[in-house]
Amino acid sequence: MKKEQVVNCQFSVWYPIFKKHTIKSLILPLPQNVIDYLLDDGTLVVSGSDHNTQQTQTNNSDSDAEEDIQWSDDETTTTVTAPEFPEFTSKVLEAINSLGGRVFPKLNWSAPRDANWIALNSSLQCRSLSDIFLLFKSSDFITHDLTQPFLQCSDQDSPDPVINYELVLRKWSELIPGGEFRCFVKENKLIAISPRDYTQYYQHILKQEEQISQAIQDFFSQHIQYNFLDEDFVFDVYRDSQGRVWLIDLNPFGEVTDSLLFTWGELTSGEVAEQQEGPAFRYTTSEVTVQPSPCLSYRIPRDFVDLSTGEDAYKLIDFLKLKKSQQEESEEEEEEQENAPQ
């Protein structure tokens, strides 16, 4: 995988080529101050569309440790003001409204799929810039786009291409997970197909394997083959209830892209292509082989991990203080109920 291949898979590069065959989208240049904010490790604080949002951070001073934990009353309070991006906010809201009020956000390459645990109803549906920021700042995939887009490229000695980062807003569409498929192309030949959600068993895929494979092959030969800038690439499609196939995304042909039920050794060596005439189609064939989603490892906030392992003493102290306060409140409520007139 070369750096040029990664550049060619940017959304703004392939979208104009395949615009008729994919979901309506809008592309907005990402200002540098917004990029800096997304990379800031500080507390997430975002402003609303028409007023500032403030968050209070409390820093507890160290307390002496005896047999019991002694809580210090010495506290300092700092007010953190939400950053303002008035011009960019206006453009984002205008774009969201023009796309029906609900969008699916992504950057040049990635969507924050690893951060859906933090969103309402575990959905990547966004209605405001605050929704987008919440997902982006919680996503390792987005951080990778912004900091290491060429990490696994083979031509590391060559200079990194200049990247103009963009916010991509896609019209929200309710896609059934069992309808998404990842397709691997080598030397402009479709060699392999796998469901995007390969961890689950979908009965309709088992029953319609031949129809699904043929529909994807037809779509590839009619609209994708020889029209992309590279001859090795990966594309994602969605097959709707009417049997129509839509292009969802394009990805580099290399380890930066999840190979799902295949290995990159199989795909790059040509082993898969040699096994049969058409593309290899792999999917989960039984509920017995259902696996947990690989994104589950991203769903536990780092604070929870530190707390459970005892790596951050201050988080543990804050947690115990919170539990003590909750216990005292519970005891007070019980006393009030006991003393209440019958």
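The structure is a predicted model, and its protein chain holds twelve helices and ten strands. Of the 342 residues in the protein chain, 39% count as buried. Among contacts between residues at least 6 apart in sequence, 71% join residues that are at least 24 apart.

**Helix 5 and helix 6**

- In helix 5 (residues 129-137), the buried residues are Leu129, Ile132, Phe133, Leu135, Phe136 and Lys137.
- The cover over these buried residues of helix 5 includes helix 3, helix 4 (86-98), strand 4 (103-106), helix 6 and strand 5 (166-171).
- Helix 6, which runs over residues 140-147, has Ile142, Asp145 and Leu146 as its buried residues; seen down the axis of helix 6, these fall within an arc of 90°, so they line one face of the helix.
- Helix 3 (32-39) and helix 5 (129-137) are included in what covers the buried residues of helix 6, and helix 6 in turn is part of what covers the buried residues of helix 5.
- At the start of helix 6, Ser139 places a side-chain oxygen within 3.2 Å of the backbone nitrogen of Phe141.

**The cavity**

- The count of cavities of 30 Å³ or more comes to one, and the space in the largest cavity is about 30 Å³.
- The residues that line the largest cavity are Leu30, Val34, Leu38, Phe88, Leu129, Ile132, Phe133, Phe136 and Leu167, and the elements that give two or more residues to this lining are helix 3 and helix 5.
- Helix 5 supplies the largest share of the lining of the largest cavity, namely four residues.

- Tyr226 follows helix 8 and sits in the loop between helix 8 and strand 8 (233-239).

**Residues with positive phi**

- Most residues other than glycine have a negative phi, which gives the context for the two residues described next.
- Tyr226 is not a glycine, yet has a positive phi of about 70°; with a relative accessibility of 61%, above the 50% cut-off, Tyr226 counts as exposed.
- Leu260, likewise a residue other than glycine, has a positive phi near 55°, and its place is in the loop between strand 9 (245-252) and helix 9 (264-269).
- Leu260 has a relative accessible area of 10%, which is under 20%, and is therefore buried.

**Lys3**

- Lys3 belongs to helix 1 (residues 3-8) and, at 2% relative accessibility, counts as buried because the cut-off is 20%.
- Although Lys3 and Cys153 are 150 residues apart in sequence, their C-alpha atoms are 5.9 Å apart in space.
- Beyond its neighbours within four places in sequence, Lys3 is in contact with Phe150, Cys153, Asp155, Gln156, Ser158, Pro159, Asp160 and Pro161.
- With one of these residues, Asp160, the side chain of Lys3 makes a polar contact, side chain to side chain, at 2.5 Å.

**Ile193**

- Ile193 lies in strand 7 (residues 189-195) and is buried, with a relative accessible area of 0%.
- The C-alpha atoms of Ile193 and Arg182 are 5.7 Å apart in space, while the two residues are eleven apart in sequence.
- Not counting residues up to four places away in sequence, Ile193 touches Phe181, Arg182, Cys183, Ser213, Ile216, Phe262, Pro279, Ala280, Phe281 and Arg282.

Key. Residues are numbered from 1 along each chain as its sequence is written. This is a predicted model: local features need pLDDT of at least 70, side-chain atom pairs count only at pLDDT 80 or more; totals for chains, interfaces and linings use all residues. Side-chain values use heavy atoms; hydrogens and water are left out. Buried means under 20% relative accessible area, exposed over 50%, partly exposed in between (1.4 Å probe, protein chains only). The arc is that of the directions from the helix axis to the C-beta atoms. Contact means heavy atoms within 4.5 Å. A polar contact is a pair of N or O atoms within 3.5 Å; within protein, one must be able to donate a hydrogen and the other to accept it, and residues adjacent in sequence count only if both atoms are side-chain atoms. On a 1 Å grid over the protein atoms alone, a cavity is a set of points where a 1.4 Å probe fits but cannot get out, and a pocket is an open set with protein on both sides within 12 Å along at least five of seven lines; lining residues have an atom within 4 Å of a point. Grid points are joined across faces, edges and corners, and a volume is the space filled by probe spheres set on the points.
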